[in-house]
Amino acid sequence: MQEVSHTRPLAGRRALVTGSSSGIGLAIAEALAKAGAAVVVHGLVPQAEGQALAAQIADAHLVPCVFLEGDMSNADAITGLIEQAQAALGGLDILVNNAGVQFTARTENFPIERWQSVLNINLTGCFVAIKAALPAMQQQGFGRIVNIASVHGLVASVEKAAYVAAKHGLVGLTKVVALENAEQGITCNAICPGWVDTAIVAKQVTARAERDQLTEADARRALVQDKQPMSRMTAPAAIGDLVRFLCSDSGQTLTGAALPVDGGWTAQ
Ligand SMILES: NC(=O)c1ccc[n+]([C@@H]2O[C@H](COP(=O)([O-])OP(=O)(O)OC[C@H]3O[C@@H](n4cnc5c(N)ncnc54)[C@H](O)[C@@H]3O)[C@@H](O)[C@H]2O)c1
């Protein structure tokens, strides 16, 4: 019995991870399922693909796992997603706001539609999801909210006006939600990764390779070394492990934090 609670510290918990059909979100969904949580996998992939992914996670970790769609730039769709997740799992204890997009251009050339869509998905979508999930968490006296921000929630880089604004906003939102719910058994934290090896960075690697006539491998290394004292990217699974810790009983007083996982980027 003791061994079960040690290896499955999240048994009985119910989690929604947005944008979990790929990359960091998928690694978080896997880490939570491995720890025993029932999980909603969410993303923009076709139903059949999403359902196959959910079935794979359910089989591998022997937990309930379902796939749900929902456009994170649409407030009604997000509210519907939270309701469907609550219905599918019988409630929601853990919300991980992970879905996000990137667009790069200098500020004077930044298309307003791109600014709005990055802000909608990376910031407003998180606010709407938290707003919809909070009442039931408050009622049950337990909740874990984890926002996947970025080092760009703490410092800036050129050509990322919308992304940096949204992620700084997400760190601020995290602190407000943590303060408002400090006595309700609910924690809210932001994780601020540096470079993580996923699809979202692939375009930036390709652009760097073309600009400097480098191989993809050399371009990846050059991008990381521009910013991080450690020249390796973080593995998505490492972010999953940190989310699992934040959702565990040991994380109960860790709230309102913006935690860098960035190879020393923001230590400089
Ligand atoms: N990869 C990195 O280096 C890095 C660093 C810091 C922060 N992040 C953040 O981590 C999060 C995950 O990124 P990733 O690297 O895994 O990239 P990714 O592109 O693999 O994942 C992004 C996910 O968001 C989903 N998504 C995007 N727009 C959506 C929308 N409108 N509605 C619903 N879902 C939508 C996608 O379907 C996908 O599942 C993002 O918030 C990103 O900003 C990534």
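A polar contact is a pair of N or O atoms within 3.5 Å; within protein, one must be able to donate a hydrogen and the other to accept it, and residues adjacent in sequence count only if both atoms are side-chain atoms. The model is predicted, so local features need pLDDT of at least 70 and side-chain atom pairs pLDDT 80 or more, while totals for chains, interfaces and linings use all residues. Residues are numbered from 1 along each chain as its sequence is written, and side-chain values use heavy atoms, with hydrogens and water left out.

Select the ligand and Gly19. A polar backbone atom of Gly19 is 3.1 Å from an oxygen atom of the ligand. Next take Thr198: an N or O atom in its side chain is 2.4 Å from an oxygen atom of the ligand. The ligand taken alone exposes 820 Å², and the protein buries 91% of that (Shrake-Rupley method, 1.4 Å probe).

Of its 27 residues, Ile24, Asn98, Tyr163, Val196 and Thr198 come nearest. At least two shell residues come from each of α2 (23-34), α6 (161-180) and α7 (199-212); helices are DSSP runs (H or I, at least four residues), numbered from the N terminus.

Finally, select Gln116, in helix α5 (residues 112-140). Gln116 is partly exposed, with a relative accessible area of 45% (buried is under 20%, exposed over 50%, partly exposed in between; 1.4 Å probe, protein chains only). Its C-alpha atom is separated by 30 Å from that of Gln51, 65 residues apart along the chain.

How values were computed. A residue is near a molecule or strand if one of its heavy atoms lies within 4 Å of it.
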